[in-house]
Amino acid sequence: MSVVKEREKLALDAIRQAFGTEAGEDGIGLFIEHHLAELPESYWQEHLGTSTPDPSSVITLLELRSSWGEGEVEYFDFTLPGEVTDYVVSVHFDESGSIDGISMES
C-alpha cells in the first residue's frame, strides 16, 4: 500500500475517532454541524437516503480532496462529494508520521 493510501486510511480513522469528543469539536464536529445546517435536505436525501441524517453518518461521505505538503503526505484534506462546499477537514501528519491535528479549513 502506498504511503498516501495508508495515511488516507489513518486520517479517516482519526476523524471517526475524534467525532463526538472535545478534541473533535473544532474540526469534524464543526464541519458536520455547519453542513447539516447549510446544505439542503435534498443533498442528504441523495447521498444518505434521508433528509435528516444522523451526524455520524456524514463521516461516511468524506472523500479525499487533496494531499499536500512535504512529500505530498503532510496534509490530507477531506470534503463532501459534489463540489457543494469550500470547506475541508484537514488532517496533519508530523515528521514522524503521527497525526498531530485535525481542523476545519476553507
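**Exercise 1.** State which residues of helix H2 are buried, and determine which elements they pack against.

*Solution.* Step 1: Helix H2 covers residues 25-38, and its buried residues are Gly27, Ile28, Gly29, Phe31, Ile32 and His35. Here, buried means under 20% relative accessible area, exposed means over 50%, and partly exposed lies in between (1.4 Å probe, protein chains only). Helices are DSSP runs of H or I with at least four residues, strands are runs of E with at least two, and both are numbered from the N terminus.

Step 1: A contact means heavy atoms within 4.5 Å.

*Note on the model.* This is a predicted model in which local features need pLDDT of at least 70 and side-chain atom pairs count only at pLDDT 80 or more, whereas totals for chains, interfaces and linings use all residues. Residues are numbered from 1 along each chain as its sequence is written, and side-chain values use heavy atoms, with hydrogens and water left out.

**Exercise 2.** Describe the secondary structure of the protein chain and explain why the chain is as compact as a globular protein of its length.

*Solution.* Step 1: The protein chain contains four helices and four strands. Along the sequence, their order is α-α-α-α-β-β-β-β.

Step 1: The rule is 2.2 Å times the number of residues to the power 0.38.

Step 2: The C-alpha trace spans about 40 × 30 × 25 Å along its principal axes. Of the 106 residues, 36% are buried.

**Exercise 3.** Classify the aromatic pair of tyrosine 43 and tryptophan 44 and that of tryptophan 68 and tyrosine 75.

*Solution.* Step 1: Rings of Phe, Tyr and Trp (its six-membered ring) pair if their centres lie within 6.5 Å; planes under 30 degrees apart count as stacked, over 60 as edge-to-face and the rest as tilted. By this rule there are three aromatic pairs.

Step 1: Tyrosine 43 and tryptophan 44 lie 5.1 Å apart centre to centre, with 85 degrees between the planes, and form an edge-to-face pair. Both residues are buried.

Step 2: For tryptophan 68 and tyrosine 75, the ring centres are 4.2 Å apart and the planes stand at 10 degrees, so this pair is stacked. Tryptophan 68 is partly exposed at 39% relative accessibility, and tyrosine 75 is partly exposed at 24%.
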